Structures are given as structure tokens and as C-alpha cells.
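I opened my notebook to look up a few things in this structure.

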Amino acid sequence: TGATFRVRAGDGTLVEERVGAGERRPLAVTLPPELDADLVLEIARDGGGPGAAHWVDPAFQRAEPRSIDRSGTGWNVLLITSDTTRSDELACYGGPVPAPSICGLQAEGVRFSELHSVAFGTLPSHVSLMSSRHARGHGVHVNGSVLEGDLPLLAEQLRDRGYATAAFVSSVVLDPRLGLARGFDSYDGPPRQRRADVTVSLFEDWLARDPGEPFFAWVHLFDAHQPYRPPAPVAAPWLEELPPSDVEAVDELVARLPNPRRARGFVTGSLIADASPRDLPRVEAVARARYRAEIDFVDRQVDRLLQGLAARDLADRTLVVFTADHGENFLDRGAYMAFDHAGLHGEVTRLPTLIRMPGTAGGRVDDGLASSLDLPVTILAALGFEVPDGWRGRDLLAPNAEPREHVVMEGSDENEIAVRTDRWLYRRSRSADNPTRTRNLGFAPGRPVQLFDLMEDPDERQDLHADAHPALDALGAVADDFLTGEAGATAAPLLDPAHVEALEALGYIDDSTEAPDEPGGGDAR
């Protein structure tokens, strides 16, 4: 049904507007500057019968004159982060998902083929992306931790220069109370999680209210994440190549396995390996098909974002950055790492990253080694602004920019450290005393170090550590220098019961403290 929305302050009605059945409409109310009265929202539903009217995500904002720094380019910024998205699934990285909207950014910009995340999982990775610091520098090693201290964040840098700033996130893992809301005029997140189309609609509503230019908007999309549940119409083409009986059998298998701490429908490789190992290839085929459908759905929502800019003549004035926080394992590393994103291998650390710059000739591919620390620096530099002290990144778009010699990466909850160069991947377990955790990270008992030759073994399958390779000492020294040279910041957990419950439903749990006997449960990623 339709409804009438009325907002009153004191004895006066500030706005009254009728919204038709099925409509969703942004409603902004300007309050008197000196308001000493209750603010009341009334919703009167039209007629009888079933129906509902909702006021979604109300927010108060103080309108203050912005002093805009005119020394930069004046470009807007749209940062899109797609959770749990493997680069090798996208067509522009050689994968099966066409992703024309995401890959199309390269036509007017640059695609980075070897940009790796330095922190895992969702919250630590995004904090590093926004602060240009490793997890040891900002202290957030695990989801559910609260960023403390005064490290400068990207949104703060832009708001201080007069940018209107807004964030639209799709998961409670990025709850505003965890610290990333700093610097955003508005920060919109759900109590648990929501689909990409809902989040994109919120961005469109914000844009329709004319936030003013320049603006910085961050849109986070959570769809390419467990449980693999793409919208049915998008999933159908990806599943149609599989026998229907396989899909049904996999769903029945997943449903009957004991998985008490995760949302229904989560696929857990260790449980399947223990209960029905012969079904693992069939489970992977169904999971991958749905995962690819989720990325397909994300690409369609990216198209909506880009079309929204174009419809308002903003495309030529907006820097667009697309990236991820991490990738995903399937059976790349065996059952105990499958359907998760632990282990600092390329399928998890390598991020699909594309940047579209206004008025710039595109089509370029940058194959140099880079890290997520470089993205906030690159954004500020592209806008013509100085980078704050303490940031660890470099400008990827600078003339004659050189690739990194190495990238140091930290596993979730400090379980692992890795060093990647253009030739080597060095991994070291920091959980050698926990057999369950060691197994879930892909380390054999008593073998806490791995070495892979990326030239000879690009898929990272042949561990050279047993051969006492001469590269081990140099790479181990890089890891040691990092651990002693980077400040060890700390972050306390957000002990809100509702937040903890929401994280548990998503599988974000630390087995070392809650379920040491279950191999392969949800790491606190």
C-alpha cells in the first residue's frame, strides 16, 4: 500500500509527503537552526489490508560550510570494494566471469595484475586500505576489533579538504563502531548483511540528494562471500551446465552436516572431507558456479554505480577505484583450506584492482608488484594532495613508478607472515603450537616455513623449504626486520553481544579458543 510520511517539530509540520505502493524514496528534512522541540515521524498507511511502511536508516547531519581545498584536481572519488573476490575469476584476469563493468574500467584507466593485500580478513584488510598501514601498525588483526589511536584515515584526509564523504557498507563486519566511520559524514551499514543491489540503491539515493562536489563515496559489496547464495535468476545460467541432481545432492549434503556456529548453507571443507570425501569435487563445482554468479551479480551493481555517475554528468569528474579485500580458496589447497580465505597464497592475496581516471588514456596493464597500502596514497596523489606522515604506500600512477621489491603480508590474528617478491613466496606459520590452526593454514606439522619459486611454479604447489634453499635466509630476514621494525599496535574487541552473534553467524570465530577439536571451523578471518 501507499503511505503518507509526516515529520513534525513542536507544533509545526516540516514536511508531508505521500509515497506510493512499492516506492522507495529519499526524504531529506531541513531542521530550523534553533530547534528546542521533539522531532516526530508519523507514518500513516493508506487503506486496510496487508502492507508496511518503513523509515530506513535515518541520520542527522549538521550542515556546516565546507572549506574546499582548491589546490587539487577537484575530482570526486568512488571507491568500490568487493569482498572475497578472486582476481582470476574475472575475464580481464583470464577468468570465466565476463564482468564487463568491472573489466571495462581498464579501457579508461589501468589494471593491476600483481597487487596484493597486506592484511586479512575483511576488517583488517579494509583498515590497511584506508590507513596505508600494515596490521601491526594499526592493531586490527582480526574482525570485531576496534581501531584505536589517531592514525590518519583516507576519509579524514578528504573531509579535511572539503570533500563530502559517505560510506555504504554491506556487512556488520564493517560496523561503524569498529573505527572506519572516522572521516565520513555518513556511514551506512546493516545489522548483519545485505545484498549489493540494496547498498547501491542507498548510494543512488545519497547521490540524488546532491551531496555537493567534490565527494568521496565508498561502496562495499559483500555478495561474493559465503554462504554462496546469488539471486536465482543470476545463478541459473551458471548452474545449468551442472547436472541438476548434483546441485540437489550438494545442497542436501551441506544441510545435514553439523555446522552449529555458522549460518545455514555455509560450505565447510573439513566437514565434507570427514563425512563424504568423494563428494568434494562435486561440492566445489556447485560452490564455484554460485560464487561466479555472485561476482556476476556484483558486476551488474557496479554497472549501476557507473551509470548513476554518467546520468548526472559526473563520470568525467570522478576517479573510480575497484578492488577487493581478499580472495577465496576452493580446492586449490585441499579440503581443510577450502571455501575459506586463510593462507597467504596468491588466490587469496592477489586483488583485482582497476583504476579509471578522468580524461586519461586507458587500456594499460601494470604487472609490477604492489600492495593495498599503495591505493590510498595513489588516490590522494591523483587528486593532487600531499600524503600524511606515517603512511607506508607509494603512488602507483606516478611517472616512472617502480614496482615494490617485496610485499610483506600478515595473516588474520597474526597466525602467519609471508613475503612475496616477483620471484619468491615465503610463508611462515606463527601458530606452530596449534595443530588445528596449522593444518587450516596449509602447514605440515613441524614444517612452519614454506618457499615457492614463482617463476618455475606460478601456482605455488612445490614447497622448496625441504631443500634448504639459499633464498630462505634473505626472505626470512625481511620478515624478521618487519616484525621488529613495525610498531606492534593493539586493538580491543567490540564486546557487544549482538555484534558477536552476527560475526558468529558469518563464521568469524577463533577455533583456538572456542572449538580446538573441530578441524576447519571458521577462523577469525
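Predicted model: local features only at pLDDT ≥ 70, side-chain atom pairs only at ≥ 80, totals over all residues.

On the α7 side I found Asp246, Val247, Ala249, Val250, Asp251 and Leu253, and they meet Arg282, Val283, Val286 and Arg290 of α9. Sorted by class, this contact has six nonpolar and four charged residues, with no polar ones.

Next I looked up how the two helices cross. Helix α7, residues 244-256, packs against α9 at an angle of about 100°, and their axes are 9 Å apart. Angles of 65 to 115 degrees count as roughly perpendicular, so that is the word for α7 and α9.

Then I turned to the cores. Which residues have the most contacts inside the largest nonpolar core? They are Leu78 and Phe203, in a core of 61 residues. Helix α9, residues 280-311, turned up again here: it gives the most to this core, with 14 residues. I also noted a separate core of 52 residues, including Phe222 and Trp391.

Last, I looked up a sheet. It is open, with three strands in the order β2-β1-β3 and antiparallel pairing. Neighbouring strands are turned by 15° against each other on average, ignoring direction. Between β1 (residues 3-9) and β2 I noted seven bridges, and Ala9 stands opposite Gly12 of β2.

Conventions
Residues numbered from 1 in each chain as written. Heavy atoms only, no water. Core = buried A, V, L, I, M, F, W, Y, C linked by side-chain atoms within 4.5 Å. Buried < 20%, exposed > 50% of the residue type's maximum accessible area, 1.4 Å probe, protein only. Helix = DSSP H or I, 4+ residues; strand = E, 2+ residues; numbered from the N terminus. Axes fitted to C-alpha atoms, helices over the stretch in contact; angles between N-to-C directions. Parallel < 35°, antiparallel > 145°, perpendicular 65-115°, else oblique. Contact = heavy atoms within 4.5 Å. Nonpolar A, V, L, I, M, F, W, Y, C, P; charged D, E, K, R; others polar. Pairing = 2+ DSSP bridges.
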